Amino acid sequence: MIRFVDVQKTYSNGVQALKGVNLQINDGEFVAIIGLSGAGKSTLLRSINKMIPITSGQLYIDDIEISSIRGKALRYLRRSIGMIFQSFNLVKRMSVYNNVLTGRVGYHSTFPTLFGLFPREDKILALDSLDALGILDKAFTRADQLSGGQQQRVALARALTQKPKLILADEPVASLDPITTVQVMDDFARINKDFGITIVANMHHVDLALKYATRIIGIRDGIVVFDGLSSEVNEQILVEVYGRTLKHNEVLGE
Ligand SMILES: Nc1ncnc2c1ncn2[C@@H]1O[C@H](COP(=O)(O)OP(=O)(O)O)[C@@H](O)[C@H]1O
Ligand SMILES: [Mg+2]
């Protein structure tokens, strides 16, 4: 469970990206965060794994207040959270398999893993994850030889290999074509269902967010202006989030 209590984030340049966010995300949910570019979606998402430290308020994960944790406790937190980026963030010249294995790094002291010395269980986990994403046949291909959709699947396999409770995804399909987008979103849905992993995804494509997420958080200028079921989202709510009426299938954001 993730809980934000009056969370504020002010960047060093004075920009107030989060202005008192209160929300709770329960285990197993598939949540989409929607809002205009600059609304605070990435800040909100990245505060959950402490990639971005908050300025005030409290952020709890399973009742642990994460602002104060350091060292080992922070490492344990981070390895329980998978992260997916718009740009996939793979090591380009490494094989798919070795990229996926790096999902296990948080479970070991760095020295052996620097030399690729992962235990057998890790290797099995990596291969299982590749299989679950349907890309086992690509295991020994160089990551940068794959299409964007395949690279995002590798990133998902790497996240799965972490055995996470939660996957954070910051605009996971923004670089993909429409057909690949649907395939990757289907993968997210399957991971959410089959593995019970909580998914929190920033999405600037409203129709996709409504189709895949069970819950929608709408943010505008650092303030949560909607928090409810996808089925409850109507035109008036979208106007509150985006400040105007959207055209059918309109894509907003970056
Ligand atoms: N590292 C940073 N330093 C200063 N301002 C930032 C930084 N990152 C984001 N911002 C600002 O914070 C606000 C929210 O940004 P962000 O969370 O990236 O929004 P979104 O992901 O919804 O586009 C924006 O005004 C943005 O310019
Ligand atoms: Mg963003």
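In which strand does D6 lie? D6 belongs to strand β1, which comprises residues 2-10; helices (H or I, at least four residues) and strands (E, at least two) are DSSP runs numbered from the N terminus. The structure is a predicted model, in which local features need pLDDT of at least 70, side-chain atom pairs count only at pLDDT 80 or more, and totals for chains, interfaces and linings use all residues. Residues are numbered from 1 along each chain as its sequence is written, while chains are lettered from A and ligands numbered from 1 in the order in which they are written.

The chain contains nine helices and ten strands. Its radius of gyration, 18 Å, is close to the 18 Å given by the globule rule for 254 residues, so the chain is as compact as a globular protein of that length. The radius is taken over C-alpha atoms, and the rule is 2.2 Å times the number of residues to the power 0.38. The C-alpha trace spans about 50 × 45 × 35 Å along its principal axes. Of the 254 residues, 40% count as buried; a residue is buried if 20 or more other C-beta atoms lie within 10 Å of its own, exposed if 12 or fewer, and partly exposed in between, with C-beta atoms placed from the backbone. Among contacts with a separation of 6 or more, 68% come from residues 24 or more positions apart, two residues being in contact if their C-beta atoms, placed from the backbone, lie within 7 Å.

Strand β1 is part of an open sheet of four strands in the order β2-β1-β4-β5, with antiparallel pairing; two strands pair if DSSP finds at least two bridges between them. Strands β2 (16-25) and β5 (64-65) stand at the edges, each with a single partner strand, so one side of each is left without a neighbour in the sheet. Strand β4 (residues 56-61) is joined to β5 by two bridges in the antiparallel sense, and I64 in β5 is the bridge partner of I61.

Most residues other than glycine have a negative phi. Phi of D6, in contrast, is positive and near 45°. D6 is partly exposed, with 13 other C-beta atoms within 10 Å. D63, in the loop between β4 and β5, likewise has a positive phi, of about 70°. D63 is exposed, with 7 other C-beta atoms within 10 Å.

A second open sheet consists of six strands in the order β6-β7-β8-β3-β9-β10, with mixed pairing. Its edge strands, β6 (81-85) and β10 (223-229), each pair on one side only. Neighbouring strands of this sheet are turned by 15° against each other on average, direction ignored. Helix α6 (residues 148-161) packs on the sheet, where it touches β6 and β7 (166-170), and its direction makes about 170° with that of β6. Axes are lines fitted to C-alpha atoms, for helices over the stretch in contact, and angles run from 0 to 180 degrees between N-to-C directions.

Within this sheet, five of the five residues of strand β3 (residues 30-34) are buried, so β3 is largely enclosed by the rest of the structure. In a regular strand the side chains alternate between the two faces of the sheet. In β3, F30, A32 and I34 point one way and V31 and I33 the other way, and all are buried. Strand β3 pairs in the parallel sense with strand β8 (residues 198-202) over four bridges, and N202 in β8 is the bridge partner of I33. Four bridges also join β3 to β9 in the parallel sense; in β9, I216 is the bridge partner of A32 and I217 that of I33.

Five of the six residues of β9 are buried, so β9 too is largely enclosed by the rest of the structure. Strand β9 (residues 215-220) is joined to β10 by six antiparallel bridges. In β10, G228 is the bridge partner of I216, and L229 stands opposite R215. The two strands form a hairpin with two residues between them, and D221 in the turn has a positive phi of about 50°.
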